Structure formats: structure tokens, C-alpha cells
Amino acid sequence: MNVMLTILLAVQMISAVAMIGLILVQHGKGADMGAAFGSGGSGSLFGASGSANFLSRTTAVLASIFFASTLALAYFGTPRVAVSSGSVLENAALTVPSSAASAPVSAAPGAAQIPAK
């Protein structure tokens, strides 16, 4: 179990760092206007529109891997309690101490006491 948690944590950290790098490499929507008017930034390794598609798809894949590993870590990281048979109300009736059930209710300290008629 510890090996699986370690592998999931490593996958989550690698996907997070790769996702941060890809997000920082991508250009915003405002940069397309500069490329349309002859800016030198339009030439890239993947082509004018291919880089945005490749980077955005890779970012989406890494985001889904990060999300899935986060859910898996949350699922495997929570402790499990053994489920007992019976209803919740039966278990609650067994846990009430008998002294608390039979003791009379007293007023809070400092509260005004009203005599009974």
C-alpha cells in the first residue's frame, strides 16, 4: 500500500511540474493579434496553429492525470472504519451512559431559579 501511495504521489508531482511548465510556455489570446500583424513570434516548431493545439491538449491530459491522482490519493489516504451490522439507532442507544440518562436536569450556574408551584 505504501508503494502505491508513493507512486501516486510521484505521478502527481511530475504531472504538476509538467503542467506548470506547459502553462508558462503557452502564449495568451492577446499574443495572436501581434502575430497577425507580422510579429516574429508567429513562427514556431509546431506551426502557427499546431502549437496551440498540441500544448493545450497536452495540458488537458496532464490536468486530468493530476486530478485522477489527487482523487486516488484522497481515497487511499483516508482511514477505513470497520462497518458493523445493525442500524445507526441501535448503536447510538448502546453508547448513551446510564448516569446521564437518569440524572435530573439542573440549571446553569448563575441562572435565576424559579420555584415550582
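Ile 65 comes out as partly exposed, at 35% relative accessibility; here buried means under 20% relative accessible area, exposed over 50%, and partly exposed in between, with a 1.4 Å probe and protein chains only. Ile 65 sits in helix H3, where helices (H or I, at least four residues) and strands (E, at least two) are DSSP runs numbered from the N terminus. The model is a predicted one, so to speak of local features a pLDDT of at least 70 is needed, side-chain atom pairs count only at pLDDT 80 or more, and totals for chains, interfaces and linings use all residues. Residues are numbered from 1 along each chain as its sequence is written, and side-chain values use heavy atoms, with hydrogens and water left out.Ile 65 also belongs to a nonpolar surface patch of about 420 Å², made together with Val 3, Ile 7, Val 11 and Val 61. Patches of this kind take residues with over 30% relative accessible area and no salt bridge, joining like charges within 9 Å and nonpolar side chains (Val, Leu, Ile, Met, Phe, Trp, Tyr) within 5 Å. H1 and H3 are the elements that give two or more residues to the patch, and H1 supplies the largest share, with 3 residues.

As for the overall layout, the protein has 5 helices and 0 strands, which reads along the sequence as α-α-α-α-α. Of its 117 residues, 11% count as buried. The accessible surface comes to about 9500 Å², and carbon and sulfur atoms hold 71% of that; the areas come from the Shrake-Rupley method with a 1.4 Å probe, and for residues only the protein chains shown count as cover. Among contacts (heavy atoms within 4.5 Å) between residues at least 6 apart in sequence, 85% join residues at least 24 apart.

The average pLDDT, the predictor's confidence in each residue from 0 to 100, is 75, and 51% of the residues score at least 70. Helix H1 (residues 2-25) has the highest confidence, at a mean of 93, while helix H2 (residues 31-36) has the lowest, at 59. Where pLDDT is low, the predicted coordinates should not be read in detail.

Leu 22, found in helix H1, counts as buried at 16% relative accessibility. Beyond its neighbours within four places in sequence, Leu 22 is in contact with Leu 55, Thr 58, Thr 59 and Leu 62. With Leu 62, 40 residues apart along the chain, the C-alpha to C-alpha separation is 9.5 Å. Not counting residues up to four places away in sequence, Thr 59 touches Met 19, Leu 22, Ile 23 and Gln 26.

Further along helix H3 (residues 50-77) comes Ser 69. At 4% relative accessibility, Ser 69 counts as buried. Its contacts, leaving aside neighbours within four places in sequence, are Leu 8, Val 11 and Gln 12. Val 11 turns up here as well as in the nonpolar patch, where Ile 65 is another member.

Met 1 lies in the segment before H1 and is exposed, with a relative accessible area of 58%. Although 76 residues separate Met 1 and Gly 77 in sequence, their C-alpha atoms are 10.0 Å apart. Asn 2 already falls in helix H1 and is likewise exposed, with a relative accessible area of 60%.

Phe 76 brings in the aromatic side of things. A search of the whole structure turns up 1 aromatic pair. Its members are Tyr 75 and Phe 76, with ring centres 5.2 Å apart and planes at 70°, so the pair is edge-to-face. Rings of Phe, Tyr and Trp (its six-membered ring) pair if their centres lie within 6.5 Å; planes under 30 degrees apart count as stacked, over 60 as edge-to-face and the rest as tilted. Tyr 75 is exposed, with a relative accessible area of 52%, whereas Phe 76 counts as partly exposed at 29% relative accessibility.

Conventions
A salt bridge is a side-chain nitrogen of Lys or Arg within 4 Å of a carboxyl oxygen of Asp or Glu.
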